[in-house]
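Please keep the viewer open as you read.

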Amino acid sequence: MRTVIQRVSHASVSIGCHCKSAIQGGLLILLGIEEADNEEDIDWLCRKVTGLRIFDDENGVMNRSILETGGDILVISQFTLMASYKKGNRPSYIRAAGHATAIPLYESFCRKLGEALGKPVQTGEFGAEMKVDLLNHGPVTICMDTKNKE
């Protein structure tokens, strides 16, 4: 799984002219899933996301997690995170998981992340064309890959 995690002042996702989900302060997570991903990847990623100390404490130092701030999370599926751009200029998405694999893993990630957070996470709609609006706070943007745990 690959993620782009952004600390946001607010974020929302719209499908057509309808706002599907919106959050105030918290995290916007773009999530890419490949065929080799599994529940172990989800568990690792949920622990890392909820434990990331990227929110300011009383001294203005990034020292608090999303659990400590009570913030919200918006998760958007994004198969383009699995792009291969090695050959030519048109990205290949062959590494992205098909719907039969990706949808259950996406739903499991959102459910487990919500359980760890203590409240449901907000979501987009898997496979839909979405418009994502956000105000990145910091900016703070972190990329994670469960196959390359740095």
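The report below takes up the basis of the model, then the cysteines, the pockets and a loop serine.

## Basis of the model

This is a predicted model, in which local features need pLDDT of at least 70 and side-chain atom pairs count only at pLDDT 80 or more, while totals for chains, interfaces and linings use all residues. Residues are numbered from 1 along each chain as its sequence is written, and side-chain values use heavy atoms, with hydrogens and water left out.

## Cysteines

The structure has zero disulfides, a disulfide being a pair of cysteine sulfur atoms within 2.5 Å. C19 is in no disulfide, and its nearest cysteine sulfur, on C17, lies 12 Å away. With a relative accessible area of 39%, C19 is partly exposed; buried means under 20%, exposed over 50% and partly exposed in between, using a 1.4 Å probe and protein chains only.

C110 is in no disulfide either: the nearest cysteine sulfur, that of C46, is 8.8 Å away. C110 is buried, at 9% relative accessible area.

## The largest pocket

A pocket here is an open set of points on a 1 Å grid over the protein atoms alone, where a 1.4 Å probe fits, with protein on both sides within 12 Å along at least five of seven lines; lining residues have an atom within 4 Å of a point. Points are joined across faces, edges and corners, and a volume is the space filled by probe spheres set on them. The largest pocket has a volume of about 390 Å³. It is lined by 23 residues, of which S77, Q78, F79, G127 and M130 are the closest to its centre.

Two or more lining residues come from each of β3 (26-32), β6 (72-77), α3 (99-117) and β8 (131-145), where helices (H or I, at least four residues) and strands (E, at least two) are DSSP runs numbered from the N terminus. The largest share, four residues, belongs to β3.

## The second largest pocket

This pocket has a volume of about 200 Å³. Its lining includes R2, W44, K48, L81, C143 and D145, and the elements giving two or more residues are β1 (2-15), α1 (39-51) and β8.

## A loop serine

S65 sits in the loop between β5 (62-64) and α2 (66-69). Is S65 buried or exposed? At 6% relative accessibility, S65 counts as buried. Apart from neighbours within four places in sequence, S65 is in contact (heavy atoms within 4.5 Å) with T50, G51, L52, R53 and F55.
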